[in-house]
Amino acid sequence: MEHAKPLAVGNEGREVFWNAQSFEPVLFLLTALAMAVFIYGVYQRWQMWRALGKPEIRWDNVGERIKALFLNGFLQVKTWKDPYPGIMHGLIFFGFFVLIFGAAFDAGEFHITEPLFNWSFLRGDFYLGFSFLMEVFGLFVLIGIIMALFRRYVTKPDRLGYKGTPDNTADDAIVLLLIGAIIVTGFIIEALRIYVTNPSWEVWSFVGWWISRGFAGLDYATAKMLHKLSWWLHAILALAFIAYIPYSRLLHMITTPANHFMMSLKPAGSLEPIRDFETAVSFGAGNLEDFTWKQIFDSESCTRCGRCQEGCPAYLSGKPLSPKKVIQDIKTHWLARVPAAVKAKALAEARAKAGATDAQSAEAAASQEAAAAELPGKVIDLHELWACTNCMYCMEHCSASIEHVPKIVNMRQYKVLTEADFAPELQLTYRNMENNSNPWGIGAHLRGDWAKDLGIKTLAEDPNVEYLFYVGCSGSFDDRGKKVSVAFAKILQAAGVSFGILGNEEGCCGDSAMRGGNEYLFQALAQANVAVMNGYGVKKIITTCPHGYNALKKDYPNFDGKYEVFHHTEIIADLIAKGKITLPKSLEGQFTYHDSCFLGRYNEIYSEPRKILSAIPGLKFVEMERNLDKSFCCGAGGARMWMEEDQGERINDMRTDQAIAVKADTVAVACPFCLTMISDGIKDRQMTEKMVSLDVAEIVLKAMGIEETKPQVDVCTT
Amino acid sequence: MNIIACVKQVPDTEAQIKVKADGSGIEEGQIKWVMNPYDEFGVEEALRLKEKNGGDVTIISVGPARAMETIRTALAMGADKGVHVCDPVLDKADAYVTAAALAAVIKGMPYDIIFCGQRAIDDDSGQVGAILAEMLDIPQLTIITKVEYAGSTIKAIKPIEGAQLLIETALPCVVTAQKGLNEPRYASLPGIMKAKKKPVDVKNAAALGIAVEAKAKVVKTIPPPARAAGKIICGDDPAQKAVEVARLLREEAKVI
Amino acid sequence: MAKGVWIVAEQRDGALRKISFELASTARKLADQTGDEVSAILLGSGIESLAAQLGKYGVDKVYVGDSPALEPYVTEAHAAAVAKIVKENDPAILLLGASVQGKDLAARLAGKLATGLATDCTDVKIADGKLLAVRPMYAGKCFGEIVTGSNPQIASLRPNVFPVAENAKAAQVVKFDPAVDAAQLKSKVLEVQKDTSGKVDLTEANVIVSGGRGMKGPEGYAILEELADTLHGCVGASRAAVDAGWRPQKDQVGQTGKVVSPNLYIACGISGAIQHLAGMSSSKYIVAINKDAEAPIFAKADYGVVDDLFKVVPELNSACKKLLA
């Protein structure tokens, strides 16, 4: 039995390929094989990504894209937001990253610096530090894997499944165990090497050192044999890992960073307008072909982490929609269809090379036209499709930069525009918008009536004002909404702000039409408003409704409506900051603020409403559990305001419960939809005696000491 | 089946109706024009019959140039072709003249069933369907909420005060549609685009050879008496207040 | 020269309907101005004995067309019978009720007699020797004054608008042969469905009694059902009540439910959120019963009662019963 000569202190370092010198050629061969399998898999995938979907450019503004890649792909900014899974993934990701660098250091020394420059840098203290670091990160990976296994198979959070059923696949287990096994075998090899070579400094490789102590008594020959064995095991597992990447969820190592790089650089939530109404035969997404390739690619970057599902108001209120399920269902459907598409594409390309006739391409196009729509209805259940409130939680929190909402809107467009098959109550809403430019169908000539007797001029009367107050439908027609309009107008008047309204020339902003899939109606409404506004040379606009705010700000520029748009909370916060209005009156009670999705997640207006409330003397403020970018939708966005909610619990009641939970007396809102929904929730929960929902403007008006004039109710007229 | 649906363009239900100062009619400037909702039920029923039994649907409208939009709307819903009787001499047409124009058009074409709205929400006359049926010498089924086609006859449900009738009628006939007959469809966008290319035959009064003198003339249009503001019934006794409401409903509102 | 004011009396199941008396009384008033006689046409099977009742309201002559082919009402048969007797006698004015049956018949007659018809009149008078009919148009947003150049000048009168006034005449009964052959009729009434409860859709109802959150629970609707029965109406509900599971979805009135426009809408315990108003504000008359005087529904109501609906509704039911008895 040969005992290695104990290495003296001062020789810190290690022999690469110790006990495995002769394996090198075989290893190279296997590596080449693994790489070939990997490259083939990626190539295959590449063909699949190219096979379906319309073209879209997602590689402009490279600088910005690299930044996004660095932040989300490397630093994992979005992943960290959730502590447990964030740490879990961070340990695995950074652990693996460092280990791979370590391996690269080893290889670099062995294959490059030593043979070429006779330079061995993994020596001495550097080696000790390097070893220690590798041990730590190896341990990190192992801890991460254990955390992942524990989470996936023991605690089983709902988001790793759907409605209480985990969606685990064999691949999930294989990947975790594979990584775990690579790390464990790595440690064992190290331990056996340390056991046999026994260098005292390897105490720095503390894990290997600690394991090696366990081999005490083992004879060296056996140890070396075991070492060889585990060495091969380790090598094969590592190579298998590489080869497995394109065929498993490990693909996300490529696709997810790629998706970050290709993320939308457009303003959050803005939708691409349909430009061709006249000649197209189909609108929106009925089949995969109607998506862009990037919209399909999204599904490839999805790791089923379930962050989207965790805050989705539709999912949480018991509706069948889960953003994760939508993305995964699209993927399943894509995987079923893509082999044929790859073949077809190859054929088409070959034909194009050979110079195909127009007749042939027309024939091919016609066969496409005839394809029955499969996405909405078959792949994505219609209840799922219509349950989305467009609240943007999923997109905001997706750690793969997936864009769920536009896909949902595209599929709705197919149902509404191409098939005209959608909820009758939404049809009524659209007819009302068409005929009277408001969702309730109240006579359009009554739009400006709320402002009568307030001394507010229309732009027709005086176009030389600084701001246009775009009132919107709620503010113009809904008795509750009108009070908000009046309150805000009074604030503006008190502050001496120069403003006017459009009166009966104003029209519906069209947000509900757009988000409900009726792009045609939306564009008609937008164009009508733009024509009026541009006619008056409008430059600055204030809205009290975040839906109008968002549409005017982000979507109207597509139709030559380019304005500086403000939400009334921005204006009020500014007036308070500049001392234009004073808030002398203190307000009693506990206040909370409900973030409107279209104000918060869509436009990052989080601080203004809170600043306003904090400026009010005596006001006690408490946050609800779900707030800011994690705020819970009221349930009215995405045209849901106009639809029946017949599945699961009512979203507005759930949100109201969250306000009740923090003992709020007043739920401050900054959106007429939220105001309606929360007010209804308060009624549903029979809390009308104890709780009220008010718009921020109404609260400010109270604090200004200006009483809103109550409508006279004549209790006896006969 | 050869199905005909007659449509009229009317002001939207919510439109503000302003009587001209001289009482000669209403101001049309700001009005949003739509298809008469009852006619829309007729168009929808026509389309459903066609979808079930085959055939084609012809839309006929008597009205000024703008009525073409309404014909296009019906074509967008799925009707096959249109006839537009458009002539300034028909601007003051009453139900009789309108029916005569429709009859003149229809006499020149095959038909199995003709749908009209039970009334138009502008003049609220509710006569055209019946007069048309008389002119074509075919039976009429007015104010119908359900239609069942059975070969050479149709069965229909007609609500009357406190009951409803199940009526059977030989075809061809005129059916006037009442709310409840169906839920009209929302036109698809490809439908709207296709409708622009569907054939619409434009005819004038002379071509139809009809007399254009109205039988019933609106000699004056007058604004309604200002509707009294809502009354809150006074008193402390619920029973007394209830009796007062009943009295007002009977004597003032005349709805019970 | 056309002469005389005529009416088409309406009977159902062997009894004259109230509209017939309204027609008779109105015709009498007109005839007194022109110095003419009032004649009534009475059609049906075995209804001759009803003729005398018409005399009580000023009818001078009753033309009775009695034939099995005239029962139940079928447009063709009645139109043919009326046209025959009218053509024989050439009256100047012909009045019918704007009931379901009257509207159907009047329009057919306008076609048959090639004359003008004013539908659903709320006022009729004689001006320059001709009939001047006043009728609502555009759902009552304006009124039209109608003059017909040809004879007979037909008008259908809105029920319950014209007063009934007794003016006893010894109505002379003239029987005539309606010349209608039942076998020749192209239309046939197969069935009269009397019990329409649950069959009439909210959107078709003339009267809707609707309850909201203020009903407190499903039991509360019993009193609304009773009132609806009395008024031959339907029961509706607000979204809150449907959400609470008190009423079925099909009863929901509002933006996301059914859009209704009855003649009378009685809102009980409904505050009147815009989404509800959007579904019922085109009702001709709105009654609101609610404890909360500030409920927005009162701003839309023609008649409001600020009180406990559980006290008001049963009283309203008995008051209506009395009036309708």
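Mentor: Buried area is the accessible area, taken with a 1.4 Å probe, that two parts lose on being put together, summed over both. The model here is predicted.

Trainee: What area is buried between chain A and chain B, and how much of it do carbon and sulfur atoms give?

Mentor: About 2000 Å² is buried between chain A and chain B, and carbon and sulfur atoms give 55% of that area.

Trainee: How many residues does the contact take from chain A and from chain B?

Mentor: Chain A puts 27 residues into the contact and chain B puts in 22.

Trainee: What makes the pair A:R431 and B:E40 a salt bridge?

Mentor: The N to O distance between the side chains of A:R431 and B:E40 is 2.5 Å. The cut-off for an Arg nitrogen and a Glu carboxyl oxygen is 4 Å, so the pair qualifies. Between chain A and chain B the count is two salt bridges. Eight residue pairs are in polar contact across this interface, with both residues at pLDDT 80 or more.

Trainee: Which elements give two or more residues to the side of chain A that touches chain B?

Mentor: They are helix 17, helix 18 (424-436) and helix 22 (519-535) of chain A. Helix 18 gives the most, with six residues. By residue class, the side of chain A that touches chain B has 12 nonpolar, 10 polar and five charged residues.

Trainee: Into which domains is chain A divided?

Mentor: Chain A has domain 1 (21-261), domain 2 (288-354 + 375-422) and domain 3 (425-703). The centres of domain 2 and domain 3 of chain A, taken over C-alpha atoms, are separated by 31 Å. Their contact takes 28 residues from domain 2 and 31 residues from domain 3.

Trainee: What area do domain 2 and domain 3 of chain A bury between them?

Mentor: Domain 2 and domain 3 of chain A bury about 2300 Å² between them, with 60% of it on carbon and sulfur atoms.

Trainee: Why is the pair A:K319 and A:E645 called a salt bridge?

Mentor: The closest N and O atoms of A:K319 and A:E645 are 2.9 Å apart. A Lys nitrogen has to lie within 4 Å of a Glu carboxyl oxygen, and therefore the pair meets the rule. The rule finds one salt bridge across the interface of domain 2 and domain 3 of chain A. The count of residue pairs in polar contact between these domains is 13, both residues being at pLDDT 80 or more.

Trainee: Which helices of chain A each supply at least two residues of the side of domain 2 that touches domain 3?

Mentor: Helix 12 (313-316), helix 15 (382-387), helix 16 (393-397) and helix 17 (404-418) of chain A do. Helix 17 of chain A gives the most to that side, with six residues. The side of domain 2 that touches domain 3 divides into 16 nonpolar, eight polar and four charged residues.

Trainee: What percentage of the residues of chain C count as buried?

Mentor: Of its 325 residues, 61% count as buried. The threshold is under 20% relative accessible area, so 61% of the residues of chain C fall below that value. Chain C has nine helices and 18 strands.

Trainee: Where do domain 1 and domain 2 of chain C lie in its numbering?

Mentor: Domain 1 of chain C covers 5-184 and domain 2 covers 202-324. The centres of these domains of chain C are 36 Å apart, taken over C-alpha atoms.

Note on methods: Residues numbered from 1 in each chain as written. Chains lettered and ligands numbered in written order. Predicted model: local features only at pLDDT ≥ 70, side-chain atom pairs only at ≥ 80, totals over all residues. Heavy atoms only, no water. Domains from an automatic or database assignment. Contact = heavy atoms within 4.5 Å. Polar contact = N/O pair within 3.5 Å; in protein donor to acceptor, adjacent residues only side chain to side chain. Helix = DSSP H or I, 4+ residues; strand = E, 2+ residues; numbered from the N terminus. Nonpolar A, V, L, I, M, F, W, Y, C, P; charged D, E, K, R; others polar. Buried < 20%, exposed > 50% of the residue type's maximum accessible area, 1.4 Å probe, protein only.
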